[in-house]
Amino acid sequence: MRTTRFHLLHILAGVLIAVLLGIHMVRLHLDAILEFFGVDSEDPTSWTSMIDRASQGIWAALYIALLAVALYHALYGLRGIILELTPSAKAGRVVTWSFIIIGIVVFGWSAYVPLHLLSS
Amino acid sequence: MTESSTKQIAFKVQRYDPEQGGAPHWQQFTVPSSRGTTVLDGLIYIKENLDSTLAFRTSCRMGICGSCGMLINSYPHLACHTQIEEFHSNTLTVRPLPNLSIIKDLVVDLTPMFHNHKSIKPYILRQDAQEMRTPTSEFAQIPQELNDFLQFAYCIKCGICVSACPTSASDRLFLGPQALAQCYRYCADNRDEGQQERLRVADTNHGAWHCHLAGACSEACPKGVDPALAIQLLKRRLASQALGLRGKRQASSVVSPPTQTKPKIPFPEFTVKGSA
Amino acid sequence: MKQRQPRQNYLGAGGWVWAGKYKLERYLYLLHRVTGLGLLLFGIIHLIMTTFFRIQGQDVWESTIAVLHNPVFKVGAYMVVVAFVFHALNGLRLILQEFGFTLGRPIPPVYPYKDALRKKRPWAVIIIAVVGILAVVFLYDFISGGW
């Protein structure tokens, strides 16, 4: 049942991304629509706005959570596509382990940044 | 009764002879066709009158044996089941089924598909091995239980779904829609107790989870078996098992043949008396 | 007579794109895959931006943002949003259908055959329509200055 469990995690990660990334997109990109609903804010990509968000724990938590689920979902999906092209089980194992290592490394570095900005 | 007109249809057939080597190439034939002429009739006409080296599989000519699957005008059909008239065109392109190796001309190698089919154990498995070897009774099954899997039992193993599947196009190790649909057909059969073993085969890296619901298999299936539905229901079983949700289902009980039978009707007198 | 091996006849990855005249769901699968890969690519670039460039201080950050105000990048950002909306909504449809929830029960086949996906095609069409509507709504936002 191992493969099924990883696949179910992939689906759960997808649903979580839909929620978290939705929040992220609305905050970052859709300020015209937010203004329509009465939330008024300056350009969310400016330095001051970004530093303001970086010092709030809730945004750091959101970014790290989004990073974890998005990395898992994306790497599992890409691994599936590559496995459909690899001819043997042995090559498949090499692919899987490389993805695991890449995922851990990228998560480690990318989670460090919001934590560093939070504390500074 | 009006005379149906006979048209001359151009058949572009892909030829490939392994003994002569080289790449597959096209050969054009002109075949007379009228209302009711199937593509298979056209191919038989070619073989009998124009080029007897053309190789293709055929048997029942009525859409039940699954031999004559081929790609006709870029879509997989059973050649015996396909009228030339339905294409409304004077040219027909006939190619062997993709995603299966070509043996010669329009004959493809179905062995990988049968191998995958065998690997999911397409037979009833029960705990009582003695009963399986020397059956003494029947398995009880009501019509509603039969309807849960009957649609998927109509598979004629023609290989058209495997040709349509985009995953089968690149993934050699994929079980394929035919094997996965049959895996569900046996798991859903209430007479069967082998679900654990079969789900282990479908749960692998190239098993049920490489199906991405393109739906081409069900669309192309010539018998309406709907393998896509079977595979999604199989995924539901896999997920229930992984999450520990599925309760143990009682396999069908064993029913002894009836001891009380109706009184035998006497055999009637022959109406034609035999010659002495 | 020497036994010859059957000739390989696989469509390969090209078979994901074109294998014949199929209908809607097969192209939804293809689009789901393409948008997924596109979002992955964008995600890599975005991760580099928000880690390496964010941590290097105000000057590097503001010069990066200045580059991104170029219209080419704004169009790219819009396409990323539409790709995400399509991938998410189609993904939700796939989650429901891949567990067989909205597909109905198996029925004995009676000609002309209608398979479960074709019977439920209206739902897939509704999802595409929703994606289209949202794409237009976001286009309004994109044109009116936000990015």
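## A buried helix

Helices (H or I, at least four residues) and strands (E, at least two) are DSSP runs, numbered from the N terminus. Twelve of the twelve residues of α7(B) are buried, so this helix is largely enclosed by the rest of the structure.

This is a predicted model, in which local features need pLDDT of at least 70 and side-chain atom pairs count only at pLDDT 80 or more, while totals for chains, interfaces and linings use all residues. Residues are numbered from 1 along each chain as its sequence is written, and chains are lettered from A and ligands numbered from 1 in the order in which they are written.

## What surrounds it

Two residues are in contact if their C-beta atoms, placed from the backbone, lie within 7 Å.

## The nonpolar cores

A nonpolar core is a set of buried Ala, Val, Leu, Ile, Met, Phe, Trp, Tyr and Cys residues joined through C-beta atoms within 7 Å. The largest has 80 residues, and those with the most contacts inside it are Ala79(B), Leu180(B), Cys183(B), Tyr184(B), Ile231(B) and Leu234(B). Domain 1 (7-108) and domain 2 (111-247) of chain B both give residues to this core, so it lies between them. A second, separate core of ten residues includes Leu67(A), Val69(A), Tyr72(A) and Ala74(A).

## Two domains, and a partner chain

The domain bounds come from an automatic or database domain assignment. In chain B, the C-alpha centres of domain 1 and domain 2 lie 30 Å apart. Where they meet, 13 residues of domain 1 of chain B contact twelve residues of domain 2 of chain B. Strand β4 (residues 75-78) of chain B gives the largest share of the domain 1 side, three residues.

Chain B also meets chain C: 33 residues of chain C are in contact with 45 residues of chain B. On the chain C side, α1 (14-17), α2 (24-53), α4 (71-98) and α5 (116-119) each supply at least two residues.

Key
Buried ≥ 20, exposed ≤ 12 C-beta atoms within 10 Å, placed from the backbone.
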